[in-house]
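Trainee: Could we go through this model together, one feature at a time? I would like to see how each answer is reached.

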Amino acid sequence: MTDGGAIEADLTPPSGRRRGRPPATDSADTKRAILDAARRLFAERGYGAVTNKDVATAAGITTGALYHYVESKLDLYLEVDRDMQRTIYTRFQDAVGSSDSFLGKLTAVLEASHRMGVEDPSLAGFVGAVRTDTRRHPAVAERLARYAEAREQFFVDIVDVGISTGEIEPSAKPAMVEFVRTVLVGLTETVGMSPEQHRRAIDAVTGLLRGTIFTPLG
């Protein structure tokens with residue numbers, strides 16, 4: 001497997017410096033097209049198999065124009081990840097504001113996850129690709145590790161609500177944080193799942209938490 005540094009060189013302009021930005025009237029739309037195209041490609045192929053030419057072609061621009069916006073493939077990958085995290089966690093933050101209970105917040109987040117998966121499957125696909133890419137490419141793993149703390153706090157905050165409402169025993173906090181992480185991350189990565197399968201998975205999780213589909217035997 002080719003390492004991240006070797007591939008990154010393919011995306012560095014010959015001068016080694018970023019070229020001037022295009023006019024502001026075109027910049028935002030073009031940047032959006034680049035991020036969307038890159039997210040879809042990385043989701044489908046992973047970091048190692050995508051080139052600057054692939055991204056430029058998918059975004060409808062020339063390869064040279066790409067360097068107005070990014071200096072390397074690694075920089076582009078990180079921007080796609082930040083954009084994806086903003087999209088997902090903005091929706092998640094809106095969702096948790098709709099309820100005052102742990103179960104209500106978690107259910108709302110799961111519903112938001114389902115809607116995002118239906119609206120744009122490439123979001124979930126990129127989440128899955130990141131997991132593979134961080135194992136294969138140390139440079140990707142190192143740079144993305146810087147953003148992990150804020151995401152971790154999101155899981156902790158939901159569990160803290162459950163402790164404050166009495167839904168969760170304080171001693172169970174570490175286990176519940178892992179539970180929330182596993183459920184949200186697992187159900188955000190919908191690769192290979194149809195919307196119907198994802199819907200059933202969410203209904204199963206919420207049904208278990210509400211005690212409506214499972215009766216302990218002992």
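Mentor: Gladly! Let's start with a term: buried means under 20% relative accessible area, exposed over 50%, and partly exposed in between, using a 1.4 Å probe and protein chains only. This is a predicted model, in which local features need pLDDT of at least 70 and side-chain atom pairs count only at pLDDT 80 or more, while totals for chains, interfaces and linings use all residues. Residues are numbered from 1 along each chain as its sequence is written, and side-chain values use heavy atoms, with hydrogens and water left out.

Trainee: Thanks! Is Asp 54 buried or partly exposed?

Mentor: The relative accessible area of Asp 54 is 24%. Buried would need a value under 20%, so Asp 54 is partly exposed.

Trainee: Which residue forms a salt bridge with Asp 54?

Mentor: A salt bridge is a side-chain nitrogen of Lys or Arg within 4 Å of a carboxyl oxygen of Asp or Glu. For Asp 54 the closest N and O atoms are 3.1 Å apart. The partner counts as partly exposed at 43% relative accessibility, and its name is Arg 45.

Trainee: Which residues of helix H3 are buried, and why are they on the same side?

Mentor: Helices are DSSP runs of H or I with at least four residues, strands are runs of E with at least two, and both are numbered from the N terminus. In H3 (residues 52-59), the buried residues are Asn 52, Val 55, Ala 56 and Ala 59. They share a side of H3 because the directions from the helix axis to their C-beta atoms cover an arc of only 95°.

Trainee: And which exposed residues does the face turned away carry?

Mentor: Look at the face of H3 turned away from its buried side. The exposed residues there are Lys 53 and Thr 57.

Trainee: How many residues apart in sequence are the parts tied together by Asp 120 and Arg 39?

Mentor: The side chains of Asp 120 and Arg 39 meet in a salt bridge, at 2.7 Å from N to O. Asp 120 lies in the loop between helix H6 (102-119) and helix H7 (121-136), and Arg 39 in helix H2, so the pair ties together parts whose separation in sequence is 81 residues.

Trainee: One more: which residues join Asp 83 in its salt-bridge network?

Mentor: Asp 83 forms a salt bridge with Arg 86, with the closest N and O atoms 3.7 Å apart. Salt bridges that share partners join Asp 83 into one network with Arg 32, Asp 36, Arg 39, Arg 86 and Asp 120.
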